[in-house]
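Here is a short briefing on one strand and its partners, and on the salt bridges. Look at the model first, then read on.

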Amino acid sequence: IRDVERSRGLGDVYKRQHLKTNVLGQIGLTRNGVVDRLACVELPAFPLQCLLKQHPDWVGKPVVVVDRDKPQGVVRWANKQARTARIHPGMRYSAGSSLVRTLHAGEVSVATVAQGVARVAEALHRFSPEIEPFSKESGVFWLNASGLSNLYPSLRQWAHDIRKTLTEMGFRSSVAVGFSRFGTYAIVKEVTVDRGVSVVRDPSCERVLAGQVRLKRLGIDSSLRDNLYKLGIRTVRAFLELPSTGVCRRFGAEAEQLHQQAVSYTHLTLPTKA
């Protein structure tokens, strides 16, 4: 386990997370006969949340994050008010402005996102000694949730306390507590921010819930999603019913990687059809 290092130049923002990436990546159903618990915390549309923290007066108004703050800039994230006005990611900033003249937009730098991730991870460190930010998706973190019974009356209370802390920091979040990385990641995508917390009671429950998650929630490439939809494949479980040997050939490397991760982390072993 790596030591936590404080960065005096950034105040409480730490330079290195207290984590053991390789071990967390392999946490499954049991270790030494003891069931491990793992949590996934998501701060949805994290760059958009960072932008709103910079402009608190924009809260409640149509807001988008663009790759360039110019008319030809592309919308990367849009809040609820902007989406209600039919402004969606992939649209040109100029097109969005034509729909909503009061549209607010801004760029969010990589450095800003990184500092935001560091601040959140530092706060989460108060709830678990082992934290892993998801390198491929800002605003997603895994926490080791094992061995907390002496500190919290329940894992649900622990999860609610995490959300309360993040809310006080000005962030919206959801928490899923389960047994595997992919399982908790999939489930947290279906947890609404209003409901906030999902705690699964056993690995079999996690397998069922993860299997029901809609693929569109996982942020996969739109062309891959559309190709799968044409075959009626809309959930994780339906996706896993595809023969693993043909996934790469038919859908490409991204689909193969997703398939392998789902099988590995959720242990969704499906019965062989007669």
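**Salt bridges**

The model is predicted: local features need pLDDT of at least 70, side-chain atom pairs count only at pLDDT 80 or more, and totals for chains, interfaces and linings use all residues. Residues are numbered from 1 along each chain as its sequence is written, and side-chain values use heavy atoms, leaving out hydrogens and water.

- K189 forms a salt bridge with E137, with the closest N and O atoms 2.4 Å apart.
- This pair links distant parts of the chain, 52 residues apart: K189 lies in helix 7 (residues 181-190), E137 in the loop between strand 9 (131-133) and strand 10 (140-144). Helices (H or I, at least four residues) and strands (E, at least two) are DSSP runs, numbered from the N terminus.
- K189 is buried, at 11% relative accessible area. Buried means under 20%, exposed over 50%, partly exposed in between (1.4 Å probe, protein chains only).
- Salt bridges link E42, E137 and K189 in a network.
- R201 and D202 meet in a salt bridge at 3.5 Å, N to O. R201 is exposed at 67%, while D202 is partly exposed at 24%.

- Strand 11 (residues 174-178) is mostly covered, with five of its five residues buried.
- S174, A176 and G178 are on one side, V175 and V177 on the other.
- Strand 5 (residues 38-42) runs antiparallel to strand 11, joined by five bridges. Strands pair if DSSP finds at least two bridges between them.
- Strand 12 (residues 197-199) pairs with strand 11 in the parallel sense, over three bridges.
- A176 stands opposite C40, and its bridge partner in strand 12 is S198.

Notes:
Salt bridge = Lys/Arg side-chain N within 4 Å of Asp/Glu carboxyl O.
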